[in-house]
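Dear colleague,

Please find below the structure for your review. My notes on it follow directly after.

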Amino acid sequence: MSDTESLAGDLFAEPEGYYKPAPEPHFASYERKTTKQPSTISLRLVGSSPLWGHLLWNAGIFTADYLDKHAEELVKGKCVLELGAAAALPSLICGYNEPKKVVCTDYPDADLISNIQYNVNHAEGLSKDVSVEGYIWGNDYEPLLEKIRGDGDETKKFDLIILSDLVFNHSEHHKLLKTCQDLLEKDGKCLVVFSPHRPWLLNDDLGFFETAKEYGFKTDKIDLVTWKPMFPDEDPSTADVRSRVYSFFLTFE
């Protein structure tokens with residue numbers, strides 16, 4: 001009998017089924033609200049993610065709708081940066097609207113970044129000017145800027161920065177805003193869209209826009225819509241707040 005065996009078997013072996021396999025990736029479809037092609041975009045979502053990349057959020061859908069509708073002004077011929085992209089729907093929409101360059105980023109988790117790259121690679125007819133980069137807010141900007149600089153334009157920054165469902169991360173507000181401050185063109189815009197998934201912290205979510213003043217930004221409200229909440233089975237008394245989708249522009253004063 002070996003040192004690790006007993007009459008009951010291997011004492012150090014985990015019971016069968018102790019480690020459950022990670023959920024498999026799954027797909028979601030997004031239907032564009034315009035006559036543009038393709039009319040439907042298929043997105044692969046990671047099976048599970050502590051970074052929330054496993055769902056297609058209301059804020060992401062609103063952002064995509066808005067960008068498609070206002071692409072002439074916001075996207076066409078522009079350099080676009082998406083922070084915290086998850087499945088990258090807004091970046092894909094930008095890629096279908098004749099951008100100069102789209103840089104799609106999220107936390108450098110291997111599964112998350114490879115999933116974004118999968119969506120970019122499998123988006124039929126997508127502009128070749130969409131690149132994917134792992135990025136931690138507030139870190140070195142050079143890997144992002146080198147994507148849009150060249151041909152003598154060594155001072156170029158982003159014309160549009162997309163922040164979809166990021167303001168819930170209250171501890172990161174300063175890093176997000178510093179990144180936007182440093183990477184946005186003087187006449188550029190940050191598109192900020194979010195839903196209050198934790199209604200009791202709505203004031204902290206909205207505090208992002210107060211903090212934005214410290215970074216030289218002014219806030220312009222775009223819209224406030226009410227959609228079906230992401231988690232309808234949660235506390236019904238908070239459904240009204242959770243169903244909201246807020247949208248704003250940040251621009252420099």
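A residue is called buried when its relative accessible area is under 20%. Please bear in mind that the model is predicted.

Thr63 has a relative accessibility of 0% and therefore counts as buried. Thr63 belongs to helix α1, which covers residues 58-69. Beyond the residues up to four places away in sequence, Thr63 touches Pro90, Ile162, Ser164, Leu191 and Val193. With one of these, Ser164, the side chain of Thr63 also makes a side-chain to side-chain polar contact of 3.4 Å. As for Asp165, 102 residues separate it from Thr63 in sequence, while the C-alpha atoms of the two are 9.7 Å apart in space.

Asp106 is part of strand β6, residues 101-106. Asp106 is buried but forms no salt bridge, and Arg44, the nearest side chain of opposite charge, is 13 Å away. Neighbours within four places in sequence aside, the contacts of Asp106 include Gly84, Ala85, Ala86, Leu112, Ile113 and Ile116. Glu133, Gly134 and Tyr135 are also among the residues that Asp106 contacts.

The last point concerns helix α6, residues 173-183, in which His173, Leu176, Leu177, Thr179, Cys180 and Leu183 are buried. These residues lie on the same side of α6, because the arc they cover around the axis is only 155°. An α-helix has 3.6 residues a turn, so residues three or four places apart point the same way.

With kind regards

Note on methods
Residues numbered from 1 in each chain as written. Predicted model: local features only at pLDDT ≥ 70, side-chain atom pairs only at ≥ 80, totals over all residues. Heavy atoms only, no water. Helix = DSSP H or I, 4+ residues; strand = E, 2+ residues; numbered from the N terminus. Buried < 20%, exposed > 50% of the residue type's maximum accessible area, 1.4 Å probe, protein only. Contact = heavy atoms within 4.5 Å. Polar contact = N/O pair within 3.5 Å; in protein donor to acceptor, adjacent residues only side chain to side chain. Lys, Arg positive; Asp, Glu negative; His and termini not counted. Salt bridge = Lys/Arg side-chain N within 4 Å of Asp/Glu carboxyl O. Arc of directions from axis to C-beta.
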